Amino acid sequence: MGNKTKKGNGLNYKQTFLIGFGFMGCMTLWSVYNSYVPVIFRAKLTELTDGGSKLPAFLSVALLVNAIMTIDNIFGVIFQPYFGKKSDSTHTKWGKRMPYIILCLPICAIFFSFIPVAATVKAGVLSIILMMTVIIFFNFTMSVWRSPVVSLMPDFTPSHLQSDANAVINIMGGIGQMVGFVVGTIATTLVGLFGFTAMKEALQAKTNSLGQILATNPDGSVVVNYLNGFNQNAPEYKEHIENFIASGRDKLYFNGTTFSSAGTDAQLVAEKVAKTPFEYVNYTPIFVVAASISILCLIILMIFYKKNKQNDLSKDLVIETKDGEKPKKIKIKELPITKEERRSLITMLAALFLINNATEAIVPNFTNFALDTLNVKPIYSTLMMAVFAVSLAAFGIPAGAMGRKLGRKKTIIIGLGVIVVMFAIYLAVSQFVTNRMFTWIVLWIALVIGGAAVGCININTLPLVLAIGGRDYVGTFTGYYYTATFSAAITGPILCGALIGMFNEDYNFMFLFCAIFFAIGLAVITQVKHGESSAEDEEWIQEAVEAADD
């Protein structure tokens, strides 16, 4: 008969924990993907385009890298809803969701592992084509099984217990994210233990900083030119030194030392760069370890499902649909709400779009920022991202409590105000303070406080939107919410990449971009006049939020 959890009984935490391994595997892959793929692509594109100098004026390496990093969001919008609904009407001995997960997760992991392998191809154009092909297939197969794996929890959990179950699933996802952030260190350790010295050195090598030097075009514009095995005896050598001095850049951080753009320092840096050929970093072990972890998560999930499939509450549920009939979409102007409520809704959606442009720009740019500005390798800068993620997760419950006590709008405004100030302070310190230790301290503070501030924002935005529409329009308003956020997930990285490219590939300006969009979002959200809920509304709002997360 099984051991279904019935109404009145508590949550089966062991069962929920085991279900969460699927989501854990998913988040492990995404953490590694978002951390290392931008670095890999930037290295290849920098070489291929001579530091961006061969690109048209309106393009830059940073813009191209960020555009590539939006593929997962585009695929998510197109394919995830389709395969989520498709799994609702699937019936096999492995249930509704598991066939998609069992078939596509291993394929997804294989494509994932081949991303850094494609980067090792010497022919630049061919390497880019191979990487793009592998990434497209990876994103597609991920889109096939991601919605089904998230839907497993509701299949095994009665609705009145899904709040507690969702917390467990999110914890498992957070663990997967943390594993992804530290997997570089794990891979490096394993490679070292097995004695693959050359591979270990490759893992620890630098990228991008090597083989680049600031120079100027004939028209005076500053570019980053790629030098590979530059001949010091060539007539162009002196010209490059002079161009570096003429670029007007205050300093260049290279190989653990800060150099000024004047005289002896400039010549010393040019000599070091010229003597140091460009080196590819072999990230393959990192991707293979992450893929192996995701496969291990799948094995655990399969063992669990085989033993507990009788507890699947959805196994006998049949979704009936009428051929040719599509659900009617309700336009905002057709909603039965007041003119003022409609204005608040539109204003809130605009604020969401602006805010998420900022948050979505951080992830694909942080490892390149750390590499250039802090001289920190990706296997270590991901640990810094982990600090931000831990702070965000840890402040989730307090942020929800603040929203209920102070009001959700006020809590969001507090979060936005704090993060704008922190990002602005770091940007000012990075540009005008020469004390490197002080800059590091400010950055760490910004990461911790910024994570908590983003928690205040993320936890309270969807409930605010839902409260404007009321219980009868939960699905419609959830759709509006995800339209705004997914749109920002596509535009944010592209716009941020364009700004970074405008400032000579200076990734510090990521913080300027984020501060500007957070600040505008703050100004916009102050004009929202509705969305606070009563105590009676809290239960259905929380249920709706949990359903939307699923």
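1. In helix H17, the buried residues are Phe509, Met510, Phe511, Phe513, Cys514, Ala515, Phe517, Phe518, Gly521, Leu522 and Ile525. The model discussed here is a predicted one. Helix H17 covers residues 509-525, which is 17 residues. From its first C-alpha to its last, H17 reaches 24 Å, close to the 24 Å expected at 1.5 Å a residue.

2. Phe509 belongs to helix H17. The relative accessible area of Phe509 is 13%, so this residue is buried. When neighbours within four places in sequence are left aside, Phe509 is in contact with Leu499 and Phe503. Cys496 is 13 residues from Phe509 in sequence, and the two C-alpha atoms are 8.3 Å apart in space.

3. The C-alpha atoms of Ala515 and Ala424 are separated by 6.3 Å, although the two residues are 91 residues apart along the chain. Ala424 has its place in helix H14, residues 408-432. Is Ala424 buried, partly exposed or exposed? Its relative accessibility is 38%, and therefore Ala424 counts as partly exposed.

4. Helix H14 also contains Thr411. Thr411 has a relative accessible area of 0% and is therefore buried. Leaving aside neighbours within four places in sequence, Thr411 is in contact with Ala399, Met402, Gly403, Leu406, Cys456 and Asn460. Between the C-alpha atoms of Thr411 and Gly400 the separation is 8.9 Å, for residues 11 apart along the chain.

5. Taken as a whole, the protein has 18 helices and four strands. Of its 550 residues, 53% are buried. Among contacts between residues at least 6 apart in sequence, 80% join residues at least 24 apart.

6. Which residues touch the most other members of the largest nonpolar core? They are Tyr33, Phe41, Ile101, Phe112, Trp145, Ile286 and Phe287, in a core of 71 residues. Two or more residues of this core come from each of helix H1 (13-48), helix H2 (61-68), helix H3 (71-88), H4, helix H5 (124-156), helix H6 (162-193) and H10. H1 gives the most, with 17 residues.

7. Tyr33, one of the residues that touch the most other members of that core, deserves a separate entry. Leaving aside neighbours within four places in sequence, Tyr33 is in contact with Pro38, Met69, Phe112, Ile115, Ile135, Phe138 and Asn139. Another core, of 59 residues, lies apart from the largest one; among its members are Ile362, Met384, Met510 and Cys514.

8. How do helices H4 and H10 pack, and at what angle? Helix H4 (residues 98-119) and helix H10 (residues 284-308) pack at an angle of about 170°, and their axes are 8 Å apart. H4 is therefore roughly antiparallel to H10. On the H4 side, the residues that meet H10 are Met98, Ile101, Ile102, Leu105, Pro106, Ala109, Phe112, Ser113, Ile115, Pro116 and Val117. On the H10 side, those that meet H4 are Thr284, Phe287, Val288, Ala290, Ala291, Ser294, Ile295, Leu298, Leu301, Met302 and Tyr305. By class, this contact has 19 nonpolar, three polar and no charged residues. Ile101, Phe112 and Phe287 are also among the residues that touch the most other members of the largest core.

9. The relative accessibility of Ala187 is 0%, so Ala187 counts as buried. Ala187 and Pro285 are 98 residues apart along the chain, and their C-alpha atoms are separated by 5.9 Å.

10. Asn73 is found in helix H3. Is Asn73 buried or exposed? Asn73 is buried, because its relative accessible area is 13% and the cut-off for buried is under 20%. Its contacts, leaving aside neighbours within four places in sequence, are with Phe486, Ala489 and Ile490.

Terms used. Residues are numbered from 1 along each chain as its sequence is written. This is a predicted model: local features need pLDDT of at least 70, side-chain atom pairs count only at pLDDT 80 or more; totals for chains, interfaces and linings use all residues. Side-chain values use heavy atoms; hydrogens and water are left out. Axes are lines fitted to C-alpha atoms, for helices over the stretch in contact, and angles run from 0 to 180 degrees between N-to-C directions. Angles under 35 degrees count as roughly parallel, over 145 as roughly antiparallel, 65 to 115 as roughly perpendicular and the rest as oblique. Contact means heavy atoms within 4.5 Å. Ala, Val, Leu, Ile, Met, Phe, Trp, Tyr, Cys and Pro count as nonpolar, Asp, Glu, Lys and Arg as charged, and the others, Gly among them, as polar. Buried means under 20% relative accessible area, exposed over 50%, partly exposed in between (1.4 Å probe, protein chains only). The expected span of a helix is 1.5 Å times one less than its number of residues. A nonpolar core is a set of buried Ala, Val, Leu, Ile, Met, Phe, Trp, Tyr and Cys residues joined through side-chain atoms within 4.5 Å.
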